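Okay, let's talk helix packing today. Have a look at the model while I go through two pairs.

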Amino acid sequence: MELDERARLRIVIVGGGTAGWMTAATLGLTTGTPSAARLADITLVESEEIGTVGVGEATVPHIRFFNQRLGIDEADFVRRTKATFKLGIEFCDWGRIGDSYIHPFGDFGHDIDGLPFHQHWLHATRGKPDETPALAACSLPIVAARAGRFTPPLDDPRSVGSTYSYAYQFDAGLYAAYLRDYAEARGVTRIEGRVEHVERGPSGIAALRLADGQRIEGDLFVDCSGFRALLIEGALKAGHEDWAHWLPCDAAWAVPTANAGALVPYTRATARDAGWQWRIPLQHRTGNGHVFSTRFTDPERARAVLLDTLEGEVLAEPRMLRFRTGRRHRQWIDNCVAIGLSAGFLEPLESTSIHLIQLAIGKLIELYPNDAVLDPADAAEFNRAMALEYDRVRDFLVLHYCATERDDTPFWRHMRTMDLPPSLAGKIAAFRDRGIVEQYREGMFLPASWLAVYYGQRIMPERIHPRRRTARRGRARACRGGRRRLPSHRRGDADACGLSCADRGCSVTATVAVLGANLCGWIAAAALAQRLPRESYRVVVIDDGTGGDGLGDFAPVIAVPPALAGFHADLDLDAATLVRMTGGGHALGVAFGGWRADGAATFLSYGETGAPLEGIAFHQLAGRLRAAGHPVRLADHALSAVAAQAGRFAPGAPIAHALHLPVAPYEALLRGAALRAGAERASADFVDAEIAANGIVEKLTLADGTGIEPWLVLDCSGTDARIASRTSPASEDWSSWLPCDRTHAETVPAQGAPPPYTQVDAQDTGWTATWPLDGADVRPTCSVGGNGKPFRAASRSRHGGAIASHWAPPRVCSNRCTRPH
């Protein structure tokens, strides 16, 4: 079905180079081909007079998936762009002069018992440091890179050959030309010309006027004009957030040389007196550059440093680039989106520039407008997502500079002592404490990347993570035997040997107090007791005296989301067992009735709905088909929705699903699991707490006079919040968004077989749900006013809901070990 030409979006890309042609190629593929119904007419304007930066030759593994999405043949791409393969980046002289480590595109070992491999490695190094291999020896891409070897990873997840990825090192100019051929073959029109004037209109930019007099109108403009930022800054004044105080390098010399020696599958970054130097091997030459700060050295000296340290014959005169690190305050304004250097620049230390281009293109495709009337919400989401990505990359780059022991030049003295972004300072503190690598739900750099820099630049955890089980007795005895030959046992030596408190005769353990012998409390206790070593931690569950379930007491049944499946598996409780032993039911999703003005029902599926096609989410494809007159229902493309509406459910099927579980038997199962894992139940109910002025809970008093001095308190006493209400009395009121304030529930006999889904029907002042069980239906109702138990939608300002954690300072046991007591 052909779309009316007037309905096609007119997209104008300003600037070629890598950013422009990556954008054009993706949009050309995504919006159709000349032989199919096109969603957009795409024009790219570039001037050969201006040229491009073209030094971004090193990439990260994400570029492979970009090429694959375009359907590019790898062998053809490698041949035409003179590419080489890349397993990681070698960093020389960053932590100390003489140091060298590789940031690999792969894992360091496998997780063991749910704990990252590096925690086990750290424990081993403290037990037998002379017999423990370096962490780098546990990374296949590092070992291969050092040996100058490369082979593509395997698909078999059981093989160590599947534990890594790879990227490319290529000629950026050849890559842009390659993508130009690709884009033009898919209908993208290229216009040679220089933009002289930008016409503004009510929706942002109306048209561009070129030096030859051409006028080019558009609905959506993409600014790929590089550092000039011709549209986003020149016309729309987006503003720039300057990061020079964290990343002071502001210039670079670049020069190609002839290849010298065998090609290696990695990029090299060598620290210099006032910056660093890159070396990128390609098939036909080697790319070299010196990134430096003009605050700490002059350009001519930086040029001399580069030329004096090159390994091959110089093929051209060095050229200097000037730049400013940071990002635009907004990268999408009105009908203009900035992609590439026009959006921001972070120095090329970790080969991030092309990846940030790729991320921006992907986000634009995800938010692709349906027509020329652009939604401001799309711009707001794009700006939020891209600002977050830039901030995360900034933190990772700054880590390389601040994690140094160098003080041999003013530049490095400044970098090691500068104030850090709070987001980075918190990450470093978490790792220094117990080796915790804060993970992003989404983001460019995975834990292995952070580990490579932490360990490579000598940031070592001070303590072993508490979930790391203590060493085997045989190893402990060996450590004790070595200790007898020492004149004294200094503080920390025992931890360095990896000994448990029990091995050293320590009688003190850290007490984790869970306030609430209810469903919420036993969930917390089961999780903690399952994972914390009994030798060092004691989990005590205390009845709060309220008699509630700790979760609001809304109904005698709780809906357990699919996300808890892993938690149950750790307790050896699968879904079929839980349903059988509690008399509960399964739910493949939620059916909503009466929520739409037209009365149509909707279904929220817990499983996937369709699959993306060429980078476009399935729901967006469905929307386009509906706009073209094709009736498409999302529910018909979700297996869980189809099964639920047919009343079918197979317990063993690999479909995400929730559970409806009666509270009392579910709580009993979790209580048994927690006690089997080592949790204890307190001798009496909670009476009072001694809380210091800084919010630390010093002591819990029970009804029988027993006192408990906790290391950590989890307040699971529900809406009463018997401790959290005192340590954090302020709360955020959400009732303006969630106005229901009364709840009650009734249980009625089931009518036929229980359907495998939850039914939620809108009422005049709220809603009523139906949770089907075996032989009965539980129907909770939430309403504004009316009968029932009162409640208020809110969250603790400091601790987020009913669970509040208070970390007390570690107390030192009689053997002066450094474990948190």
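So, α15 and α20 are roughly parallel to each other, a label for angles under 35 degrees, with over 145 being roughly antiparallel, 65 to 115 roughly perpendicular and the rest oblique. Quick caveats: this is a predicted model, where local features need pLDDT of at least 70 and side-chain atom pairs count only at pLDDT 80 or more, while totals for chains, interfaces and linings use all residues. Numbering starts from 1 along each chain as its sequence is written, and side-chain values use heavy atoms, with hydrogens and water left out.

Back to the pair: helix α15 is residues 519-531, helix α20 is residues 663-676, and their axes come within 8 Å and cross at roughly 25 degrees. Helices here are DSSP runs, H or I, of at least four residues, numbered from the N terminus. Axes are lines fitted to C-alpha atoms over the stretch in contact, with angles from 0 to 180 degrees between N-to-C directions.

Who touches whom, with contact meaning heavy atoms within 4.5 Å? From α15 we get Leu519, Trp522, Ile523, Ala525, Ala526 and Ala529, and from α20 Val663, Tyr666, Glu667, Leu670, Arg671, Ala674 and Leu675.

Now the second pair: helix α2 (residues 62-70) packs with helix α8 (residues 353-366) at about 45 degrees, axes 10 Å apart. That angle makes α2 oblique to α8. Here His62, Ile63 and Phe66 of α2 meet Ile354, His355, Gln358 and Ile361 of α8.

Note on methods: Helices (H or I, at least four residues) and strands (E, at least two) are DSSP runs, numbered from the N terminus. Contact means heavy atoms within 4.5 Å.
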